[in-house]
Structures are given as C-alpha cells and as structure tokens.
Amino acid sequence: MNRRGQAKVDSTLRVCEDIFCLGDMAEFSPAGGEAPLPAMAPVAMQQGAHCGENVVRKARGEPLQPFAYQDPGIMATVGRTRGVAFMNGKTYQGSIGWLTWLWHHLLRIVDFQNRVLVTARWAWGYVAWKWGVRLVYEAPPAETPPQRS
Ligand SMILES: Cc1cc2nc3c(=O)[nH]c(=O)nc-3n(C[C@H](O)[C@H](O)[C@H](O)COP(=O)(O)OP(=O)(O)OC[C@H]3O[C@@H](n4cnc5c(N)ncnc54)[C@H](O)[C@@H]3O)c2cc1C
C-alpha cells in the first residue's frame, strides 16, 4: 500500500496471482517509469474493461495482457458558460469548450435512461442556479454551547 492507501499493481492490474485491483484503489505506473496514473474516472473505466477481459483470459488459461492507458484528453468548466478542453491535440475554449465538456460527459453516462435522467437533472440545476461546485469535504463539528455549572 502507498501513502494514499492504494495497492501497487503490476502491468496486468494484479496485486498478486489471483487478485486484481483497479481504479482509485490501484497505483498503476505505466511502463517507462512514468508517474502513476491519476485517480480519475477515465482511468477507472478503462481499467475496469481491461480487468474484465483479463479475468476471462485467466479463466481460459490464456496469458494476461498488460494494461495501456489511452488518454482521452482533459477538460474543465469555468463558471456557467465557459470551459476548456484539450482533446486529440486540439484546444476548445469559451462556450465551445463548455459545450464540449457537457456533450462529452453526457455521452459517457451508461444507459439511455440514465442519460435522459442526468440531462434533466443537470438542466434543472443549471436553470435554477443549483449548478454548484461538487466538492466533498468534512464539515466542522458543530459548536456546543458552554456548559453552566
Ligand atoms: C468530488 C469528486 C469529483 C470528481 N470529479 C472528477 C472529474 O471531474 N473527472 C474525473 O475524471 N474524475 C473525477 N473524480 C474521480 C472519479 O470519481 C474517480 O476516479 C472514479 O469514480 C473512480 O472509480 P472507482 O470505480 O475506482 O471507484 P468509485 O467510483 O468510488 O466506486 C467504488 C464503488 O465501490 C463501492 N464500495 C466501496 N466499498 C465497498 C464494499 N466494501 N463493498 C461493496 N461495495 C463497496 C462504493 O460504494 C462505490 O460505488 C472525482 C471524484 C470526486 C470525489
């Protein structure tokens, strides 16, 4: 385990002979001594697909294949109408960047029904100004009033 609680995995996403680990829980370093992959959704999704294939290969007694990450690019939104996206060697900025971010994220949602649901929720959040920053943080403990003796 590293300091972030991740298990180091080999090129086939295994911790040891019969145990696979992937996504946020895994520290995977690409071949060539590059830094470990970041804990991000595209890494977890690609590793999930690859791990599934390797489990099937193992069950069939076939050799396991090493995992290779395909970088889909990077993107972020800025405010309500602006964004920036770096994909396929191109940069998209401003409202085009924002629309690229939106389109890309909606396309990634599995299942048509989920996609419609999330689109409706996001649209409502946008129109009603509920499109907040999605951060997870620990709330400070509520102050307790001083005790009277
Ligand atoms: C606030 C926030 C914002 C983020 N924004 C982005 C972003 O913009 N872009 C991006 O690429 N990535 C983003 N990430 C990171 C991304 O969400 C993760 O990298 C990705 O979800 C990792 O997938 P995973 O399958 O490894 O883990 P998870 O998605 O965490 O899935 C693990 C699942 O296992 C379940 N589980 C846990 N313990 C048990 C148990 N004992 N038994 C059964 N089930 C269990 C959990 O409930 C969960 O459903 C963000 C993460 C956070 C927290």
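Helices (H or I, at least four residues) and strands (E, at least two) are taken here as DSSP runs, numbered from the N terminus. The model is a predicted one, in which local features need pLDDT of at least 70 and side-chain atom pairs count only at pLDDT 80 or more, while totals for chains, interfaces and linings use all residues. Residues are numbered from 1 along each chain as its sequence is written.

**Overall pattern**

The protein chain holds three helices and seven strands, and read along the sequence these follow the pattern β-β-β-β-α-β-β-β-α-α. A residue is called buried if 20 or more other C-beta atoms lie within 10 Å of its own, exposed if 12 or fewer, and partly exposed in between, with C-beta atoms placed from the backbone. By this rule, 12% of the 149 residues of the protein chain count as buried. Two residues are in contact if their C-beta atoms, placed from the backbone, lie within 7 Å. Among contacts between residues at least 6 apart in sequence, 28% join residues at least 24 apart.

**The sheet**

Two strands pair if DSSP finds at least two bridges between them. Three strands form an open sheet in the order 5-6-7, with antiparallel pairing. Strand 5 (74-78) and strand 7 (90-93) are the edges, and each has a single partner strand, so one side of each is left without a neighbour in the sheet. From one strand to the next the twist averages 5°, where axes are lines fitted to C-alpha atoms, for helices over the stretch in contact, and angles run from 0 to 180 degrees between N-to-C directions.

Strand 5 pairs with strand 6 (residues 82-87) over five antiparallel bridges, whereas four bridges join strand 6 to strand 7, again in the antiparallel sense. Some of the bridge partners are set out below.

| Residue | Bridge partner | Strand of the partner |
|---|---|---|
| Met 75 | Ala 85 | strand 6 |
| Ala 76 | Val 84 | strand 6 |
| Phe 86 | Thr 91 | strand 7 |

The hairpin of strand 5 and strand 6 has three residues between the strands, and in it Gly 79 takes a positive phi near 70°. In the hairpin of strand 6 and strand 7, which has two residues between the strands, Asn 88 takes a positive phi near 50°.

**The helices**

Helix 2 (residues 94-108) lies across strand 5, strand 6 and strand 7, and runs at about 70° to strand 6. Helix 3 (residues 112-127) is hardly covered, since none of its 16 residues counts as buried. Trp 129, which follows helix 3, has a positive phi near 60°.

**The core**

A nonpolar core is a set of buried Ala, Val, Leu, Ile, Met, Phe, Trp, Tyr and Cys residues joined through C-beta atoms within 7 Å. The largest one has nine residues, namely Val 9, Leu 13, Phe 20, Cys 21, Leu 22, Ala 26, Phe 28, Cys 51 and Phe 67. Not counting residues up to four places away in sequence, Cys 51 touches Leu 13, Phe 20 and Leu 22.

Ala 26 has its place in strand 4 (residues 26-27), and Ala 26 is buried, with 23 other C-beta atoms within 10 Å. With residues up to four places away in sequence left out, Ala 26 touches Gln 6, Ala 7, Val 9, Leu 13, Cys 21 and Gln 47. Ala 26 and Arg 14, which are twelve residues apart in sequence, lie 9.2 Å apart in space, C-alpha to C-alpha.
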